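I opened a new model today.

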Amino acid sequence: MLLPPQRIPVELRDRSTGLYNRAGLFVAANDLIRDRQAGAAATMVIVEFGDLREVWDIYGAEIARKVVTRIVRRLRRVAGAHGIVGRTGPAQFTVVLPCEGDKATKCLHGGLGKPCCIEFDAGDSEIVLVPDLLAEAADSGESTPQELYRAMCRRLARNQKEERRRLHWLASERERHSRPMSLPPRLH
């Protein structure tokens, strides 16, 4: 059931991007993974752009839509002719690739660069979005794409929480080491 974007039924399509919506992604992923269970591999990749809301707030709706268009174009490149891509949240996209391991990494780097990011020239400033990524082989023990997606979202949320904690710790360490010292008494 892998359909070109313009042929995705309305109820399975994200209106703003033309990609699969979450329900549509799961339908298409079921088909792709079932077709792949005969020995071929499949990988699900969650790509979350946490700064996308900030782009909307700072640069406005027009620039934000152009950035989303760039993201969609790049993720379609990642998916290639045999993978699928869907918008699974306001700033989250999910790609299912018909490969795993090094080939999946190569697909990601081919579409998003190395390191993975989206760059956009907004006239007088450049916007760079670095996504949070999580990839998992489709045969990782979860029986359906929905279960795999939910497990990956939990793992991604834990990773993001740990990263926020790490950044907070680093900031407090910098503050602790940058406090002014008292000046030594003057010698006369």
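I count two strands as paired if DSSP finds at least two bridges between them. Helices (H or I, at least four residues) and strands (E, at least two) are DSSP runs, numbered from the N terminus. The model is predicted, so I take local features only at pLDDT of at least 70 and side-chain atom pairs only at pLDDT 80 or more, while totals for chains, interfaces and linings use all residues. Residues are numbered from 1 along each chain as its sequence is written, and side-chain values use heavy atoms, with hydrogens and water left out.

**Sheet.** I found an open sheet of four strands in the order β2-β3-β1-β6, with antiparallel pairing. Its edge strands are β2 (84-89) and β6 (132-137), each pairing on one side only. I looked up β1 and β6 and found six bridges joining them. Val-45 has Ala-135 of β6 as its bridge partner.

**Helices.** I checked α2 (residues 52-59) against α3 (residues 61-79). They pack at about 145°, with axes 7 Å apart. Axes are lines fitted to C-alpha atoms, for helices over the stretch in contact, and angles run from 0 to 180 degrees between N-to-C directions. I then saw that α3 lies across β1, β2 and β3, at about 15° to β3.

**Core.** A nonpolar core is a set of buried (under 20% relative accessible area, 1.4 Å probe, protein chains only) Ala, Val, Leu, Ile, Met, Phe, Trp, Tyr and Cys residues joined through side-chain atoms within 4.5 Å. The largest has 30 residues, and Val-67 is among those with the most contacts inside it. α3 gives the most to this core, nine residues.

Note on methods:
Buried means under 20% relative accessible area, exposed over 50%, partly exposed in between (1.4 Å probe, protein chains only). Contact means heavy atoms within 4.5 Å.
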